[in-house]
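Please walk me through this protein structure.

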Amino acid sequence: MLSKIQSLGCQGVGGYGVSVECYVTNGLPRFDVVGLPDSAVKEARERVRAAIKNNGMRFPVSHLTVNLAPADTRKAGTLYDLPMLIGILSATGELKPPPKTQAFFGELSLAGEVRPVPGALPMALAAARQGIEELFVPAENAAEAAFVTEVTVYPVKNVMQLVYHLRGDRRIEPASPPKPESVEDFPLDFSEVKAQENVKRALEVAAAGGHNILLIGPPGAGKSMLAKRLPSILPAMQRREMLESTEIHSVAGLTDHKSPIVSQRPFRAPHHTVSPVAMSGGGNSLKPGEMSLAHNGVLFLDELPEFPNQVLETMRQPLEDGEITISRAVGSVTYPSRFMLVCAMNPCKCGWYGHPSGRCKCSPNEVRKYHSRISGPLLDRMDLIVEVPALEFDDLKEKPAGESSAEIRGRVDKARAIQRKRYQNSKTVCNAQMGPKELQTACSLSPDCELLMQQAYDAMGLTARSYDRILRVARTIADLAGAETIEPQHLAEAIQYRTYDLDAGL
């Protein structure tokens, strides 16, 4: 007897269809799995056999072959346990073969419980594209998969529950799509930060346009405190962004039944001991790294010069292209990685270079050596470089009276609304992603602005990349002001965000 069960697979953040073909024939008892399975897929033989027997059903004492098509694509993970079991029961007559509009995936325990697997959302999206109408998934993956409303998702807790449903004895209730959490629940607020109004303004500009920003200041000035509150002023995620971010987190195994959907912008803050593979992604299973997990959100690197040079240089290409391709012996995958890069660093190794107290004892050579840990090309990719001064006693004794995150986010939302309207016919989402054609149309300069830009270009030794980044920041400042065109004051503010000289005074 031959049966064919629809299932799915996941490669990178893309799902694809898999046909699980089960063939039972006479011969010596044997259970073979073919179709480029990895070790976890091969071990499904024992889990499926135990699950069938422990639930009082007959396991065939015959020659059993399971083929996972397409056979030239590597299959990995434990998600094929459930379709294998349904295929065997269908081939032996225990169940009627399910229609082609039904698909299954999930891991089995020896007792027949159905356990969650990573990648539920990408596979649910692939099921919708292939015309699958009913998708049977582990109960803990159901809320995540149900976010794809084009498919009816059934949460399966154990084998017998599914068998009863397929026989028509006892129906399983479909899962309801999850409701994304509100951004209002963010626990940190800008109103808690004392003084540092210039830095708050710079972060507002960065949030409004999706720009990269570098904060430089002595220890205790509030760099980390400010950076960690940046997500509270970022605009709410659109449904498309939620899908993109959830796909990545799902593949990485970071979603669960309590938090099935990434509804708030990711904030990733890896320690400076992070490896290049952990930052870019890879490993035996080609999992996404920190740069991809921060997609549509923030990647915060505290103590920037302490990160290994190899780690920092891996970010150069993703910062330009918005994606990263991981090529290893086991295969090649491409993950999206469009994020806001937020960095913080001290002006020198001791942290007090340039402070009026004279506490810094670093020699000019030591300061240069510390600054040289950050390459020029990486520094050139920062849109805003902002000095965070040390707080005075009068600032500390005053109670915080600054704007709340909600007030700042209101202005950011208005600026983003202008940008969405401007880029509605393109893939660009915010000003930081503008291409050459969009720069020409959205960032045209008046004669006064051209003169100001020429003076800055010559005096500061700007590159073509930094020239474009100043224009993008100026466009964001104009959007915050509600201006149709870039005016001299907008351009002047954008230029001053790049005037900080790391080697000043040496």
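This is a predicted model: local features need pLDDT of at least 70, side-chain atom pairs count only at pLDDT 80 or more; totals for chains, interfaces and linings use all residues.

Setting aside neighbours within four places in sequence, Leu 68 touches Val 18, Ser 19, Val 20, Val 33, Val 34, Gly 35, Val 41, Lys 75, Tyr 80 and Met 84. Several of these names return in the largest nonpolar core, which has 64 residues. The residues with the most contacts inside that core are Val 20, Leu 68, Tyr 80, Met 84, Leu 85, Phe 105 and Leu 135. A second core is separate and holds 49 residues, including Val 388, Ala 474, Ile 495 and Tyr 497. In soluble globular proteins, nonpolar side chains tend to be buried together.

Now step back to the whole chain. It has 21 helices and 18 strands. Its C-alpha trace spans about 85 × 45 × 45 Å along the principal axes. Of its 506 residues, 52% count as buried. Take the contacts between residues at least 6 apart in sequence: 73% of them join residues at least 24 apart. The chain exposes about 22700 Å², and carbon and sulfur atoms supply 50% of that area.

Next, look at helix 7, which covers residues 197-209 and contains Val 205. Is Val 205 buried or exposed? Val 205 is buried, because its relative accessible area is 0%, and the cut-off for buried is under 20%. What does Val 205 touch, beyond neighbours within four places in sequence? The contacts are His 211, Leu 384, Val 473, Thr 476, Ile 477, Leu 480, Glu 493 and Tyr 497.

Helix 21 comes next. It runs over residues 488-496, and His 490, Leu 491, Glu 493, Ala 494 and Ile 495 are buried there. The cover over these buried residues includes helix 7, helix 19 (447-460) and helix 20 (464-481). Glu 493 is one of the contacts of Val 205. Ile 495 is among the residues of the second core.

Turn to charge. The chain has 57 positive and 58 negative side chains, and the centres of the two sets lie 6 Å apart. Side chains of opposite charge can pair when their charged atoms come close. The count of salt bridges comes to 24.

One of them joins Glu 192 and Arg 229, with 2.6 Å from N to O. Glu 192 sits in the loop between helix 6 (159-167) and helix 7, while Arg 229 sits in the loop between helix 8 (223-228) and helix 9 (239-251), so the pair ties together parts that are 37 residues apart in sequence. Glu 192 is partly exposed at 36% relative accessibility. Arg 229 is buried, at 8%.

Another salt bridge joins Arg 422 and Asp 479, at 2.7 Å from N to O. This pair links distant parts of the chain: Arg 422 belongs to helix 17 (residues 405-422), Asp 479 belongs to helix 20, and 57 residues separate them. Arg 422 is partly exposed at 29% relative accessibility, whereas Asp 479 is buried at 3%.

Asp 479 also forms a salt bridge with Arg 475, whose closest N and O atoms are 3.1 Å apart. Arg 475 and Asp 479 are four residues apart in helix 20, so about one helical turn separates them. Arg 475 counts as buried, at 2% relative accessibility. Elsewhere, salt bridges that share partners join Glu 320, Asp 380, Arg 381, Asp 383, Arg 465, Arg 469 and Arg 498 into one network.

Finally, check the backbone. Most residues other than glycine have a negative phi, and most peptide bonds are trans. Where does a cis peptide bond occur? One joins Ala 69 and Pro 70, with omega about 5 degrees. Pro 70 is in the loop between strand 4 (63-69) and helix 3 (81-91).

Leu 36 has a positive phi, near 55 degrees, and is not a glycine. Leu 36 lies in the loop between strand 3 (30-34) and helix 1 (39-42). Its relative accessible area is 45%, so Leu 36 is partly exposed. Ala 195 also has a positive phi, about 55 degrees, without being a glycine. Ala 195 is in the loop between helix 6 and helix 7. At 26% relative accessibility, Ala 195 is partly exposed.

Note on methods: Residues are numbered from 1 along each chain as its sequence is written. Side-chain values use heavy atoms; hydrogens and water are left out. Helices (H or I, at least four residues) and strands (E, at least two) are DSSP runs, numbered from the N terminus. Buried means under 20% relative accessible area, exposed over 50%, partly exposed in between (1.4 Å probe, protein chains only). Contact means heavy atoms within 4.5 Å. A nonpolar core is a set of buried Ala, Val, Leu, Ile, Met, Phe, Trp, Tyr and Cys residues joined through side-chain atoms within 4.5 Å. Accessible areas come from the Shrake-Rupley method with a 1.4 Å probe; for residues, only the protein chains shown count as cover. Lys and Arg count as positive and Asp and Glu as negative; His and the chain ends are not counted. The place of a charge is taken as NZ of Lys, CZ of Arg, CG of Asp or CD of Glu. A salt bridge is a side-chain nitrogen of Lys or Arg within 4 Å of a carboxyl oxygen of Asp or Glu.
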